Amino acid sequence: MSTQRTNVLVVEDEIPISDLVSEVLSEGGFNVHAVPDGEGALRYIESGSQVDVLFTDINLAGRMDGSMLAQQVRARRPELPVVYCSGRFSPSALAPPVSRSVFVKKPYDLTDICTLLTRLTATAY
């Protein structure tokens, strides 16, 4: 019996960061789908693709920031764990953060992110 891999939707508009996060998470045993903006993330969620956790930057290009994205995603998937990250904003800047979410300050340690995502998706959070 094989273990199901956790599906992470990474939303990051800085391509080098997105690529690095995606690579490390993939090496850590996660299935990763990365998109550069909130609109792309919503399209991916609405397509019916399997997503077990949303990992989003707060400051995104486009009309939707990570905080608005999380609210839109939660309207569709109320149980989905959300991890916000930012180097510019603090948790108090979120308007307001969705329930059962976690904030991670950039720069973050990617090993810690792997551990966090495993913890968030392994329990009935």
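Is Ser-22 buried or exposed, and what is the relative accessible area of Ser-22? Ser-22 is buried, at a relative accessible area of 13%. Buried means under 20% relative accessible area, exposed over 50%, and partly exposed in between, with a 1.4 Å probe and protein chains only.

This is a predicted model: local features need pLDDT of at least 70, side-chain atom pairs count only at pLDDT 80 or more, and totals for chains, interfaces and linings use all residues. Residues are numbered from 1 along each chain as its sequence is written, and side-chain values use heavy atoms, with hydrogens and water left out.

**View A. Ser-22 sits in helix H1.** Helices (H or I, at least four residues) and strands (E, at least two) are DSSP runs, numbered from the N terminus. Setting aside neighbours within four places in sequence, Ser-22 is in contact with Val-32 and Ala-34. Contact means heavy atoms within 4.5 Å.

**View B. Five strands form an open sheet with parallel pairing.** The strand order is E2-E1-E3-E4-E5. Two strands pair if DSSP finds at least two bridges between them. E2 and strand E5 (101-105) are the edge strands, each pairing on one side only. From one strand to the next, the twist averages 20°. Axes are lines fitted to C-alpha atoms, for helices over the stretch in contact, and angles run from 0 to 180 degrees between N-to-C directions.

**View C. E1 is mostly covered.** Five of its five residues are buried. Asn-7, Leu-9 and Val-11 point one way from E1, while Val-8 and Val-10 point the other way. Five bridges join E1 to strand E2 (residues 31-35), and the two run parallel. Here Asn-7 has Asn-31 of E2 as its bridge partner. Four bridges join E1 to strand E3 (residues 53-57), also in parallel. On that side, Val-8 has Val-53 as its bridge partner, and Val-10 stands opposite Phe-55.

**View D. E1, helix H1 (residues 15-27) and E2 make a right-handed β-α-β unit.** A crossover is right-handed if, with the strands pointing away from the viewer, the path from the first strand over the helix to the second runs clockwise.

**View E. Helices H3 and H4 lie across strands of the sheet.** Helix H4 (residues 110-122) lies across E1, E3, E4 and E5, at about 140° to E3.

**View F. The largest nonpolar core has 19 residues.** A nonpolar core is a set of buried Ala, Val, Leu, Ile, Met, Phe, Trp, Tyr and Cys residues joined through side-chain atoms within 4.5 Å. Leu-9, Val-11, Leu-54, Leu-69 and Val-73 have the most contacts inside this core. Strand E1 (7-11), helix H2 (38-46), helix H3 (66-76) and strand E4 (82-86) each supply at least two of its residues. H2 gives the largest share, four residues. Apart from this core lies another, of 18 residues, among them Phe-30, Val-83, Tyr-108 and Leu-110.

**View G. Leu-54 is in contact with residues beyond its sequence neighbours.** Leaving aside those within four places in sequence, its contacts include Leu-9, Val-11, Leu-69, Ala-70 and Val-73. Leu-80, Pro-81, Val-82 and Val-83 are also among them.

**View H. Gly-40 lies in helix H2.** Gly-40 is buried, with a relative accessible area of 9%. Gly-40 and Val-11 are 29 residues apart in sequence and 8.5 Å apart in space, C-alpha to C-alpha.
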